[in-house]
Number of protein chains: 2
Amino acid sequence: MRQSREAKAETHQAIVAAAARRFRERGIEGTSVGDVMQAANRTHGGFYRHFESKDDLLIAALGRAFEEMLGVLDQGLAELPSQHALDGFMRRYTGPELVQDVAGGCPVAALSNDVLRSTEAVKAEFGRGVRAMIATLAAHLDGPEAEREARAARTFAMAAGAVMMARASDPETAGIVLGAVRAEAPGTDRRIGDHPA
Amino acid sequence: MRQSREAKAETHQAIVAAAARRFRERGIEGTSVGDVMQAANRTHGGFYRHFESKDDLLIAALGRAFEEMLGVLDQGLAELPSQHALDGFMRRYTGPELVQDVAGGCPVAALSNDVLRSTEAVKAEFGRGVRAMIATLAAHLDGPEAEREARAARTFAMAAGAVMMARASDPETAGIVLGAVRAEAPGTDRRIGDHPA
DNA sequence: AATTTAAGATGACGCTCATCCTCTTAATTT
DNA sequence: AAATTAAGAGGATGAGCGTCATCTTAAATT
């Protein structure tokens, strides 16, 4: 039965939200259109009223996942003085809460390898997300613009790399990797308010 | 027709070598048993005389890929003084030669996300490879053991993270990310909140 | 109110895949 | 040399997938 415009829009959002989680959790190839539609409480048939293809959905889902992640980032950085922006970010990004939550975590840490093997359009969307993450982080730093961006990019790369490696390893190895990058962040083993040496 | 023991061993190695490349290039789900056998110049039927399952092959292929990568690493580090081990590694790992060669490049940069979604046995093998990479890098550094390992792990995480992000992005974004980590390779020795000199 | 449109359900199509089975034949064992 | 074993070829099986076509029915348009 035909649905109203608002109902359709609601369905659209439900599909994107479900896809954003499913793709991160199970990967691109591991997620079927039917899976996503079921997770959105719909049947698979209506899918092509909303998206031209699975890739089209993937692009929308990436956009959504990055939006969510930018929200988490902003929230975590909001109250931090700029000298602690990078280590605050590192601490949060590599903490158990985000590391264990693949479906709700960073799309970079969950989907980089899958996107590598996708179309240029998908990579373009992914790249937009990456730049937005770097820009957001950089905005919380001090110094000349180019340098802020570079420092943000380096820290982000290290955090994402550590999380990806840790997730793909046995617990012992994961501990070594996460421990190494978390120890690097001043304040990790300090009380709130303390400043790094 | 039945093959001799040596012929079988040769076939076995050919399968592992083909798989090590295919998995890195196309991902785990993107690589079929038939693909691998064809790349090894065999038919798919004989596969189960060599491996119990695709996962079993994956474990062997991961071992092989890490071996290859450790060779590249050792070779690149061999002539470097220890103060330049980390930035030498970083420059090589994030250089166009390795970044563009997904099939022959680092298994961490190519397969982390796929392994994340695999069995514990696969993760254990991956973790072994990660620790071997870190240990090899650390062996080329100076200082107390625990600290050498931590510095190696941090640099490796940053390098792998940057390569994964770059590969999954549009060329412009890739340039930003790789440029940031390459511009200041020695920066991986610094604490995260520090400004570059 | 009559007509047109389109959202979503259902089912089908063609393809791919991991795994298994059988057959042939040559290597290995006796 | 005869008997046994097993590597690899070829084919089959059963499941899952992306996408498409059809149908129903209610929303949107006239």
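Predicted model: local features only at pLDDT ≥ 70, side-chain atom pairs only at ≥ 80, totals over all residues.

**Fold of chain A.** I read along the sequence and wrote down the pattern of chain A as α-α-α-α-α-α-α-α-α. The tally for chain A is nine helices and zero strands.

**Box and burial.** I took the box along the principal axes, and the C-alpha atoms of chain A fill roughly 65 × 40 × 30 Å. How much of chain A counts as buried? I get 54% of its 197 residues. I also looked at contacts in chain A between residues at least 6 apart in sequence: 67% of these join residues at least 24 apart.

**Surface and charge.** The accessible surface of chain A is about 9,000 Å², and carbon and sulfur atoms own 49% of that. Then I looked up the charges: chain A has 24 positive and 27 negative ones, and their mean positions lie 4 Å apart.

**Salt bridges, the count.** How many salt bridges are there over all chains? My count comes to twelve. I picked out a few to look at one by one.

**Arg24(A) and Glu68(A).** These two side chains meet in a salt bridge at 2.9 Å, N to O. The pair links distant parts of the chain, 44 residues apart: Arg24(A) sits in helix H1 (residues 5–26) of chain A and Glu68(A) in helix H3 (residues 54–77) of chain A. Buried or exposed, I asked myself about Arg24(A)? Arg24(A) is buried, since its relative accessible area is 0% and the cut-off for buried is under 20%. Glu68(A) has a relative accessible area of 32%, so I put it down as partly exposed.

**Lys123(A) and Glu120(A).** Here the closest N and O atoms of the salt bridge are 3.9 Å apart. I checked that against the rule, which asks for a nitrogen within 4 Å of a carboxyl oxygen, so the pair goes on my list. Both residues belong to helix H7 (residues 120–139) of chain A; they are three residues apart, so about one helical turn separates them. Lys123(A) is buried, with a relative accessible area of 14%, whereas Glu120(A) counts as exposed at 54% relative accessibility.

**Arg128(B) and Glu125(B).** What separates them along the helix? About one helical turn, because they are three residues apart in helix H7 (residues 120–139) of chain B. In this pair the arginine, Arg128(B), is partly exposed with a relative accessible area of 47%.

**Where the chains meet.** The size of an interface is often given as the accessible area lost when the parts come together, so I looked that value up. The area buried between chain B and chain A is about 4,400 Å². Carbon and sulfur atoms give 61% of that buried area. How many residues does the contact take from each chain? I noted 55 residues from chain B and 57 residues from chain A.

**Charges across the interface.** Between chain B and chain A I count two salt bridges. The side chains of Arg131(A) and Asp170(B) meet in a salt bridge with N and O at 3.5 Å.

Note on methods:
Residues numbered from 1 in each chain as written. Chains lettered and ligands numbered in written order. Heavy atoms only, no water. Helix = DSSP H or I, 4+ residues; strand = E, 2+ residues; numbered from the N terminus. Buried < 20%, exposed > 50% of the residue type's maximum accessible area, 1.4 Å probe, protein only. Contact = heavy atoms within 4.5 Å. Areas by Shrake-Rupley, 256 points an atom, 1.4 Å probe, with all protein chains shown as cover. Lys, Arg positive; Asp, Glu negative; His and termini not counted. Charge placed at Lys NZ, Arg CZ, Asp CG, Glu CD. Buried area = accessible area lost by both parts, 1.4 Å probe.
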